[in-house]
Amino acid sequence: MPHQMQSPPGATVAIDGREYLYFAGTGYLGLHGHPDVIEAACAAARTYGLGCATSRTAFGNQPPTLDVERQAADWLGAKQALYLPSGYLSSQALLGTVGSQYDVIYIDELAHYSLRDAVRMANRRVHAFAHRDPDQLAEQLAASIKPVRRVLVVSDGVFPVLGTVAPVGEYMDVLVRYPGSAIFLDDAHAIGVLGANGRGTWEWAGHPPSHVNVAGVSHVKIALYACATLSKACGGYGGIVAGKGSLIERLQSGKTCYGGATPLPAPVAAATAKAIEIVATQPELRERLHANARRLRGGLRSLGFDVDDAPTPIVCLQLGDARQMQNLQQELMRAGIVIAYFASYSGVGPAGALRIAVFATHTSEMIDRLVEQMGRLA
């Protein structure tokens, strides 16, 4: 029987009738069970019901849906934003709209499944390059049989299990030789986490929002694209694309899930809008998250684990074989602590990997307890 989570994801959860310390999942800012977020959903359910039962091109633009777009655009420093049914679909919508402008697509070999699906929609040649390896990207481009002009590099901003960040500055150094090129990031695990305002990988790398999703503007030498999900750090649900008005209008008018799918239910949208408001106005959540991530990484390094200094709340451990990692996960559960084991996923080796995620809502004592148990059991 699969495990059942019987409470909102947070620093502690109820699973199968028992309370655990929870170091898994993606609720990085601890907002999924926030009382204001829950109340926003309840109020919207009472006012609007569960769903509009029509598309946004008909009469499906309910106030909570539009609130998400306004809140997201303001927070992300964009002219407009488009709220889509899921993060998975946001990459398909955006890549399906802009991908055909490029001659060839190069994708990180460990990119998430959603990106692999999305690049197929661009109807262009697609090549994989070694994970986070700008040198191999440059070599492949130089060795291309057909002349290469406009290149689109596709990657996760933060890789969901490995916790590493795409070296976007180095990719840009490669692409300056190919005018009209672009980089596309799925920022699912970076939005709300990286950057001074939580705007994601591009902000963390030093690029202002006026340079993102604004293709065709003269001051942008290499086009920068990004999409994200609101279901992880942001504590809500749905995909988001924020950028220049003309790009958003193309997404709305094209053959995307905007017009062909029923929008998210009003309670989900209302909860998401409230969660975005909290993320945008309470930077202390992100500060606590980063402090907790440093404490976790430092504690694991003190035990001898090979843990890097990535600025993310995700730590990936690949220890011995699959049985050893599964046993460690099970022993931690017996001790009242949950971490994740992935037998297969984008980026993990044949033996799988352990994934530890820390949240803003974990206390120092909780983190220290995890580290202590890891030292005792590993």
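Predicted model: local features only at pLDDT ≥ 70, side-chain atom pairs only at ≥ 80, totals over all residues.
Colleague: What makes H12 oblique to H13?

Modeller: The axes of helix H12, residues 322-334, and helix H13, residues 364-377, cross at roughly 130° and come within 11 Å. Angles over 145 degrees would count as roughly antiparallel and those from 65 to 115 as roughly perpendicular, with the rest called oblique, so H12 is oblique to H13.

Colleague: Which residues of H12 and H13 meet?

Modeller: From H12 come Leu 328, Glu 331 and Leu 332, and they meet Gln 373, Met 374 and Leu 377 of H13. Sorted by class, this contact has 4 nonpolar residues, 1 polar and 1 charged. As for handedness, H12 passes H13 in a right-handed crossing.

Colleague: Why are H5 and H6 called roughly parallel?

Modeller: Helix H5 covers residues 134-142 and helix H6 covers residues 168-175, and their axes cross at roughly 20°, coming within 9 Å. Since angles under 35 degrees count as roughly parallel, the two helices, H5 and H6, are therefore described in that way. Their crossing is right-handed. In the contact, Pro 134, Leu 137, Ala 138 and Leu 141 of H5 meet Glu 170, Tyr 171, Val 174 and Leu 175 of H6, which gives 7 nonpolar residues, no polar ones and 1 charged.

Colleague: What makes Ile 191 count as buried?

Modeller: Ile 191 lies in the loop between strand S7 and helix H7, and its relative accessibility is 4%. Buried means under 20%, so Ile 191 counts as buried. Leaving aside residues up to four places away in sequence, Ile 191 touches several others, including Trp 75, Leu 76, Arg 199, Ala 228 and Cys 234. His 112, which is 79 residues apart from Ile 191 in sequence, is 16 Å apart from Ile 191 in space, C-alpha to C-alpha.

Colleague: How do you know that Ala 81 is buried?

Modeller: Ala 81 lies in strand S3, residues 80-84, and has a relative accessible area of 6%. Beyond residues up to four places away in sequence, the contacts of Ala 81 include Glu 69, Ala 72, Ala 73, Val 241 and Ile 248. The C-alpha atoms of Ala 81 and Met 5, which are 76 residues apart along the chain, are separated by 32 Å.

Colleague: Which residues are buried in helix H8, and why are the buried residues of H8 said to line one face of the helix?

Modeller: In H8, which runs over residues 245-253, Gly 245, Leu 247, Ile 248 and Leu 251 are buried. Seen down the axis of H8, these buried residues fall within an arc of 160°, so they line one face of the helix.

Terms used. Residues numbered from 1 in each chain as written. Heavy atoms only, no water. Axes fitted to C-alpha atoms, helices over the stretch in contact; angles between N-to-C directions. Helix = DSSP H or I, 4+ residues; strand = E, 2+ residues; numbered from the N terminus. Left-handed = near helix turned anticlockwise from the far one by under 90°. Contact = heavy atoms within 4.5 Å. Nonpolar A, V, L, I, M, F, W, Y, C, P; charged D, E, K, R; others polar. Buried < 20%, exposed > 50% of the residue type's maximum accessible area, 1.4 Å probe, protein only. Arc of directions from axis to C-beta.
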